[in-house]
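Student: I should like to go through this structure with you step by step. May we begin once it is shown?

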Amino acid sequence: MKKIMRKSAVPLYVAAAVWILYGLLFPLYKVMHFVLVAGASLVAYFIANALCPPMEEEVPEEPVHTGNEELDKMIADGKKAISEMKRLDDNIEDETISAQIRRLEQISGKIFALVEEHPEKLPQVRKFMNYYLPTTLKLLNAYDRMSAQAVTGENISGTMERVENMMETIVKAFEKQLDGLFGAEAMDISTDITVLENMMAREGLVEDDFHKVSGEKDEDEQDTSGTVRLEL
């Protein structure tokens, strides 16, 4: 679901009603009459518009079609998961859990956006999408239902406590999932940096610490050798 701002139709109806009432009560056969009723309808329109501001409305989002069925499903499931996290955040009163849910929402959004941009990473998030994400939402939904009971029974309190203790681990797992998606890129960048450093050193564009240290050692050895000969 996405939210849009929809203007109220009431101001238009009010403006039209002014024309009808004026036509019933006064003659409309001179230019001045039309000018008066037009002015009156505009005033009525602006007053009604001020009293009836645009309203926020939720409308279903159009499904995304990328040509990749698995990617389309991930995008659709991702949007549902984000929407469910927002609902749980609003429902659950415990601020610690709510903050952790918002963190999961933020990380999940980045995962979905990254995979949507790079579909070749889909295999890396299959287990995340098929197990970790839905199981996490299942746990949070159970926590939401139990916290709404206002009962401190053994089953309810014990289950809620286990979910609370698990949330920090879940957050770290989501963070690790996001970090793992950058593994290949990090390796490529590391390789590029190494190659760039070697090329610049060979061209003499930067100081080569290895050769500099080796050169200093060679000079020290020569000086020591010369000193020994003089003493002999």
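Student: What percentage of the residues in the protein chain is buried?

Tutor: This is a predicted model, in which local features need pLDDT of at least 70, side-chain atom pairs count only at pLDDT 80 or more, and totals for chains, interfaces and linings use all residues. Residues are numbered from 1 along each chain as its sequence is written, and side-chain values use heavy atoms, with hydrogens and water left out. Buried means under 20% relative accessible area, exposed means over 50%, and partly exposed lies in between (1.4 Å probe, protein chains only). Of the 232 residues in the protein chain, the buried share is 24%.

Student: What share of the accessible surface of the protein chain belongs to carbon and sulfur atoms?

Tutor: Accessible areas come from the Shrake-Rupley method with a 1.4 Å probe, and for residues only the protein chains shown count as cover. The accessible surface of the protein chain comes to about 16900 Å². The part that belongs to carbon and sulfur atoms is 58%.

Student: Is Leu-21 buried or exposed?

Tutor: Leu-21 has its place in helix H1, residues 10-25. Its relative accessibility is 52%, and therefore Leu-21 counts as exposed.

Student: How far apart are the end C-alpha atoms of helix H5?

Tutor: Helix H5 covers residues 126-147, which is 22 residues. The expected span of a helix is 1.5 Å times one less than its number of residues.

Student: At which residue does H5 bend?

Tutor: The bend at a residue is the angle between axes fitted to the seven residues ending there and the seven starting there. In H5 this angle is about 30°, and a proline, Pro-134, follows the bend within four residues. The residue at the bend is Tyr-132.

Student: Which helices are included in what covers the buried residues of H5?

Tutor: The buried residues of H5 include Phe-128, Leu-133, Thr-136 and Asp-144. Thr-136 counts as buried because its relative accessibility is 5%. Contact means heavy atoms within 4.5 Å, and, not counting residues up to four places away in sequence, Thr-136 touches Leu-104, Ile-170 and Phe-174. The cover of the buried residues of H5 includes helix H3 (69-91), helix H4 (95-117) and helix H6 (154-180).

Student: With which residues is Ser-108 in contact, leaving aside its neighbours within four places in sequence?

Tutor: Ser-108 lies in helix H4. Its relative accessible area is 0%, so Ser-108 is buried. Its contacts, apart from those neighbours, are Ile-82, Met-85, Phe-128, Leu-133 and Phe-174.

Student: Which residue meets Lys-86 in a salt bridge?

Tutor: A salt bridge is a side-chain nitrogen of Lys or Arg within 4 Å of a carboxyl oxygen of Asp or Glu, and the structure holds nine of them. For Lys-86, the N to O distance in its salt bridge is 2.6 Å. Lys-86 lies in helix H3 and its partner in helix H4, so the pair ties together parts that are 19 residues apart in sequence. The partner is Glu-105.

Student: How many residues apart are Asp-144 and Arg-87?

Tutor: Asp-144 forms a salt bridge with Arg-87, and their closest N and O atoms are 3.5 Å apart. This pair links distant parts of the chain, with Asp-144 in helix H5 and Arg-87 in helix H3, at a separation of 57 residues.

Student: Is Asp-89 buried or exposed?

Tutor: Asp-89 forms a salt bridge with Arg-102, in which the closest N and O atoms are 3.1 Å apart. Arg-102 lies in helix H4 and Asp-89 in helix H3, so the pair ties together parts that are 13 residues apart in sequence. Arg-102 counts as partly exposed because its relative accessibility is 35%. The relative accessible area of Asp-89 is 15%, so Asp-89 is buried.

Conventions: Helices (H or I, at least four residues) and strands (E, at least two) are DSSP runs, numbered from the N terminus.
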